[in-house]
Amino acid sequence: MGQPSARSRPRGPLRHIRALLTAVLAAGLLSAAGPAAWAADRPAAAQAETAAAPKASVAAPGDDWLHTEGNKIVDANGDEVWLTGANWFGFNATERVFHGLWSGNITDITEAMADRGINIVRVPVSTQLLLEWKNGRATVPSGVNAYANPEIAGKTSLEVFDHWLDLCKQYGIKVMLDVHSAEADNSGHVHPVWWKGTITSEDFYTAWEWVTTRYRDDDTIVAMDVKNEPHGTAGTSPRAKWDGSTDQDNFKHVCETAGRRMLAINPNLLVLCEGIEIYPKAGVDWTSTTPTDYHSTWWGGNLRGVRDHPVDLGAQSDQLVYSPHDYGPLVHLQPWFTGDWNRTTLERDVWDPNWLYLHKENRAPLLIGEWGGFLDDGPNEKWMTALRDLVVEHRIHQTFWCLNPNSGDTGGLLLGDWKSWDEEKYALLKPALWQHDGKFVSLDHEVPLGGAGSTTGISLGELHDGPGDPEDTQAPTAPSGLTGTAKTSTSVSLSWTASTDNTRVTGYDVYRGATKVNTAPVSGTTYTDTGLSPSTAYGYTVRARDAAGNVSAPSATLNVTTESSDTPSEAVKVRYKNNDASATDNAIRPSLQVVNTGSSALDLGTVSMRYYFTRDGSATVSAWCDYAAVDCARVKLRVVPLTTPVTGADAYLEVTFTGGSLAAGRNTGDIQLRMGKADWSNFDETNDHSRTTATAYTDAPAVPAYTGTDLAWGAPPA
């Protein structure tokens, strides 16, 4: 990092000359007349402000800056790169610092991200925080555990951020800043636009100018995401729109304004522009308040307007990246998740018209800024796998949401101890992380991902200047041990023993008869084929691929017959995790999930769960739903005292539902519950029947479930 690569192409030097001239011109304008000419329309008071001085200690200008060519992002030499990372939030919230530092260590977390292939981290911040930093009002955050983080004890939030940037340099990670909200607010992203309260649009631009100036010589921060998830529906006010105007609520104009102001300071930054929520259908304008007059999708996910109104960054238009967000049915049951949907329908009906066309038509690169969610062995995981496969197949840039385990509707890559990783979720993400010959690739030309001496990562310099691979013509061995691990009337789950190869197996292809059923190579040794017909025989084989493209012979054929469609099934299980590490405080905080393990839909209106506990006193116990993926309004709670107390319980919390249907293989997602006493005295949960110390969802036979009056799962205490 910080030094030119030994390798050079004509594109590189020309770009450096252009960047230098632009930077010199911008510096001259700033020193001669205060803010540059692009700020002529700013208020006089804002023009009178002087730019804050850059950070006292910064990296020397280097060769790690990036730009775009068509739908690709390339380095200064013109070599293609792949930005594959994750989000770590907290600086945007009231804590004003990364979440998790109340127990996890900042160095350990950062090193683990690098070791596991995260080559860029998207960091949400707020306009309010940036202005506090600009005005010298950074405070020491209370969310840092000094015992767990002695290296940042007593530092202000800005000093913590700078310390973390140094760690990123050490471990070869690059950084993207994202203005997530106007105010420092844990729910600030819910506000649809970039101005709020005392935070004006001009404050928003000023904040971006200040942070760009401070870090303009530091190629650790390579990208700026202008604003997180602008949104708003027909008839709501305020809301974000996209057209050719200069109106305050036109996000296209905001991207251009913020982008040009930043690029006048640092012409090497990637500027990311997200979409909005709705876009008018043909023949309709923005004055309509009729919802059906608009194409609607996820917040930040609608880039239909780019076709008619592309963002124009002027001379630096090769710094523009569009950045949609996309989520699954556990975040919200969008219309496209009903009926018989799959990757083909998602690509055709949702991704192509909203944003994927930009990549397919070679208009601009895409970076999916947020995607992720809970693994539910059902529709949400089906969506996540489909989008992951699309990312891998097209090498679309992405930052996974998220590292944080405390994201209520998605969970995170880390578990609740902020140290252990959710290995199953990481395994799903791993194929979408940039790898070469089994090593993760840094976006730094000198520092390998993982730092000096890394055994898991390499640098860009090593990737492009290392010894060439000898020609490989040897195919992997055929997969063996192909077996069926589960089946329903419409699906078959397969597993097999890994193949071997003289270099490296990169994936597997699964065939149903002569038809390949996977769209992208399968990275592991399991696969579930869906959309099948009941009572039908199928024959499966699997082939392995290596890095050179060699394909193995097929495995032995496995013949499987699906179940009949009339097989009765109301199979239910309950999963549980503990959201409160203390067994002796004044709250009980269980999280529960109902899982439909059967092969047909489950009527949630017939399901009840019972969480058994001791009240430890005579005070009345009340219960609340803090969050539910299915909506707390659909969850009913009742505390029922036992007529005769038993070991580990003198009451149970009954959880029922107002209705709804749970598809086969799907779970309800997170249901976060809380109980407390009228006098707020402490519980002693140590020996409660249903409590465990599990901080990740595990099967919970101590939380029995009923369908109607029939016991369907677990057992009550004796």
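How many helices and strands does the secondary structure of the protein chain comprise?

**View 1. The protein chain as a whole.** The secondary structure amounts to 11 helices and 35 strands, where helices (H or I, at least four residues) and strands (E, at least two) are DSSP runs numbered from the N terminus. This is a predicted model, in which local features need pLDDT of at least 70 and side-chain atom pairs count only at pLDDT 80 or more, while totals for chains, interfaces and linings use all residues. Residues are numbered from 1 along each chain as its sequence is written, and side-chain values use heavy atoms, with hydrogens and water left out. Of the 718 residues of the chain, 55% count as buried (under 20% relative accessible area, with exposed over 50% and partly exposed in between; 1.4 Å probe, protein chains only). The accessible surface comes to about 27900 Å², and carbon and sulfur atoms hold 51% of this area (Shrake-Rupley method, 1.4 Å probe). Among contacts (heavy atoms within 4.5 Å) between residues at least 6 apart in sequence, 73% join residues at least 24 apart.

View 2. Five bridges join strand 17 to strand 18 (residues 492-497) in the antiparallel sense. Lys487 stands opposite Val492 in strand 18.

View 3. Strand 22 (residues 537-546) is paired with strand 23 in the antiparallel sense over four bridges. Opposite Gly539 stands Asn559 in strand 23.

View 4. Lys577 is located in strand 24 (residues 572-578). Lys577 is buried yet has no salt bridge (a side-chain nitrogen of Lys or Arg within 4 Å of a carboxyl oxygen of Asp or Glu). The nearest side chain of opposite charge, Asp670, is 4.3 Å away; Lys and Arg count as positive and Asp and Glu as negative, whereas His and the chain ends are not counted. Leaving aside residues up to four places away in sequence, Lys577 touches Arg589, Pro590, Ser591, Asp670, Ala694, Thr695, Ala696 and Tyr697.

Conventions: Pairing = 2+ DSSP bridges.
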